[in-house]
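Here are a few notes to read alongside the model. Have a look at the structure, and then we can go through the points together.

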Amino acid sequence: MSHEATAPETVVLRGARPYGEDQVDIVVRDGVIAELAPPGTGSAAVVVDADGLVALPGLVDLHTHLREPGREDAETVETGSRAAALGGYTAVFAMANTLPVADTAGVVEQVWRLGQEAGLVDVFPVGAVTVGLGGTQLAELGAMAGSAARVRVFSDDGKCVHDAVLMRRALEYVKAFDGVIAQHAQEPRLTEDAQMNEGVLSGVLGLTGWPAVAEESVIARDVLLAHHVGSRLHVCHVSTAGSVDIIRWAKARGIEVTAEVTPHHLLLTEDLVRSYDPVYKVNPPLRTSADVEALWEGLADGTIDVVATDHAPHALEDKDCEWGAAAFGMLGLQTALSVVVQTMLLTGRLDWRGVADRMSVAPARIGRAHGHGAGVQRGATASIVLVDPEATWVVDPEGLASKSRNSPYRGMELPAQVRHVLRAGRITVRDGELAS
Amino acid sequence: MRHLLSAADLDAEAAILVLDTAAELAAVTDRSVKKLPTLRGRTVVNLFFEDSTRTRISFEMAAKRLSADVINFAAKGSSVSKGESLKDTALTLEAMGADAVVIRHHASGAPHRLATAGWIAGAVVNAGDGTHEHPTQALLDAFTLRRHLRGGTGGLDGLRVTIVGDVLHSRVARSNVLLLATLGADVTLVAPPTLLPTGVHEWPCRVSYDIDEALPSSDAVMMLRVQAERMHDAYFPSAREYSRAYGLDRDRLGALPDHAIVMHPGPMNRGMEISAEVADSDRAVMVEQVTNGVSVRMAVLYLLLGGSTGEK
Ligand SMILES: [Zn+2]
């Protein structure tokens with residue numbers, strides 16, 4: 001691949017602190033971490049001043065919407081890759097709800113190829129579970145798995161695979177190629193025209209409720225199905241305390257279930273909907289502070305394996321309108337790490353090793369993203385993010401790399417800044433800017 | 001007061017000021033002049049994304065009696081029906097120099113968005129948004145209650161008001177619970193559990209599933225419109241069962257204290273939530289509600305625009 005041909009032979013990351021621990025020089029040779037040397041001893045043609053920066057394995061996002069093909073006005077693989085790299089990512093999984101839907105080998109190969117051309121992160125396409133996300137007929141899962149894109153994660157995200165038989169078959173079928181079904185858990189009948197979390201506030205605001213039970217009932221069914229057929233299940237964007245309980249129960253019984261939570265569900269609550277500003281409209285919806293606390297706890301104790309962004313860019317006209325007409329979704333790639341630092345690290349719920357696990361190691365393992373989440377250690381692929389843990393920054397959506405502007409964090413001061421990123425030994429971000 | 005988006009925007013003092021102003025304006029227009037010069041040269045736009053002739057006419061009469069220029073901008077037969085966005089419509093109105101926009105919209109929160117998104121500078125009056133609120137309806141109901149049961153002055157301390165029907169989908173109920181509670185009334189909501197919003201137990205009111213338990217201790221009963229089609233979404237088994245359990249008929253009218261009045265925001269579904277006999281009885285004050293609606297809307301426009309000439 002072309003980027004490897006241009007990678008400098010040796011790079012030294014001087015004075016970095018792997019997982020926030022003791023300072024070392026990280027010596028990278030031929031795309032691999034050659035050694036962790038005492039600080040100040042490594043030498044090379046390219047030396048990056050990483051004095052005091054925290055070194056983590058490059059982040060892996062299991063849930064991104066890059067909108068290409070079809071909605072290139074909102075995002076492209078290229079612009080989404082830029083946002084991902086600047087956010088500290090070296091790999092992202094691109095969801096299948098594009099136009100056309102990524103339900104054939106042709107479309108997933110196109111997305112894979114666009115990712116390689118952009119050359120900033122590995123873009124792993126997610127394959128649709130059903131044809132056209134229609135929920136009635138299995139897509140050609142095997143063809144996508146066997147394509148150049150080597151798809152291992154399948155999801156109808158945006159829609160729920162609500163038919164129990166179809167879900168069972170999908171769970172069974174992907175075992176043949178070590179795949180996983182990532183379920184967007186939303187009982188459709190209980191959420192018709194749903195606009196926000198169902199509770200006291202939805203009643204007051206007169207917005208149709210999206211009840212927690214619509215998520216929890218599907219997760220309960222799916223963990224039982226996964227158990228029954230002995231398959232892997234991944235639950236997308238867990239948002240309620242009840243869902244955390246069900247997943248904890250399933251894991252205790254040895255069921256092979258993994259789960260993700262989004263940064264926005266870790267930081268924001270439904271109270272923001274009082275403004276009727278559609279930048280806070282997202283699916284699943286922002287929940288209550290009690291749910292947020294349960295998500296913190298679940299992520300800390302490993303019930304929830306992964307933080308995934310659900311980065312969902314939308315064109316201005318789809319957000320600059322009344323609540324009911326607005327699209328669901330928020331930007332997330334460039335703010336995810338900072339939000340996790342704020343909600344999990346600074347509060348002592350996770351240490352840096354924990355952050356690395358939830359944002360790199362676990363998602364790479366679940367998605368079978370080979371060469372990612374390998375850790376900051378000798379012999380590992382040199383996909384590394386260097387973070388300034390002391391810096392703070394104020395989010396300005398105009399300054400983000402995404403084509404869209406729908407960040408719910410506008411004006412918020414967040415901790416921790418991505419300074420440098422290496423992907424397989426090649427510098428993709430230097431001093432907070434994309435390397436040319 | 002810069003906008004009127006929710007009944008919660010009004011504290012007791014502000015609400016009583018609106019009611020007192022409405023009473024004064026009603027007296028003046030009753031007595032002699034049909035038109036006051038107060039809002040001469042100001043432009044009020046009625047922006048209706050949803051059909052409601054009665055509310056639109058009420059606001060139009062109110063604005064005209066204050067000598068304002070009125071522009072009716074209706075969803076049907078204008079660019080709105082072709083899918084022009086709320087934002088583009090707002091920018092057009094701003095260019096026309098609207099001093100106040102009276103908005104009726106099918107989406108909850110649309111008036112709030114119009115007032116806060118920075119698209120327009122004028123005052124925004126919520127004339128009913130989705131299943132959220134309808135604050136001027138609550139004001140006219142409070143005005144009517146006060147006139148009949150509190151001598152036309154002050155607040156509504158201790159007044160027992162029972163609101164019956166489809167609370168879940170009712171913007172009238174939401175605004176009334178907020179405003180009447182602010183004015184000191186004891187409000188009881190009566191509905192089948194399917195037609196009560198999640199979290200209603202946290203509202204400043206009592207909740208009952210039994211109309212017959214509530215009526216004998218009511219000074220006023222307000223019947224909400226219930227669409228028979230709700231049965232198709234399983235909110236109740238049939239129109240007949242609803243009507244039997246929650247409709248106001250002659251027998252139930254007899255259970256009310258003698259001084260109690262019957263209200264309805266209109267349009268009525270005779271035979272569904274209210275029998276024709278009750279609707280036409282001398283206890284029903286629906287016609288007066290319509291009249292009071294004009295006075296209250298005059299007061300709202302007057303207070304939003306009248307005192308601020310030359311501002312901005
Ligand atoms: Zn989803």
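How are the donor residues of the zinc ion spaced in sequence?

1. The spacing of the zinc donors is D-x26-H-x52-H. The donors themselves are A:D157 (OD), A:H184 (ND1) and A:H237 (NE2), at 1.9 to 2.2 Å. Donors here are N, O and S atoms within 2.8 Å of the metal (3.2 Å for Na, K and Ca), and water is not among the atoms, so sites may look incomplete.

2. Before going on, please keep in mind that this is a predicted model: local features need pLDDT of at least 70 and side-chain atom pairs pLDDT 80 or more, while totals for chains, interfaces and linings use all residues. Residues are numbered from 1 along each chain as written, chains are lettered from A and ligands numbered from 1 in written order, and side-chain values use heavy atoms, without hydrogens or water.

3. Now to the interface: 18 residues from chain B and 18 residues from chain A take part in the contact, meaning heavy atoms within 4.5 Å.

4. Three salt bridges cross between chain B and chain A. One of them pairs B:R113 with A:D277, with the closest N and O atoms 3.9 Å apart. The rule asks for a side-chain nitrogen of Lys or Arg within 4 Å of a carboxyl oxygen of Asp or Glu.
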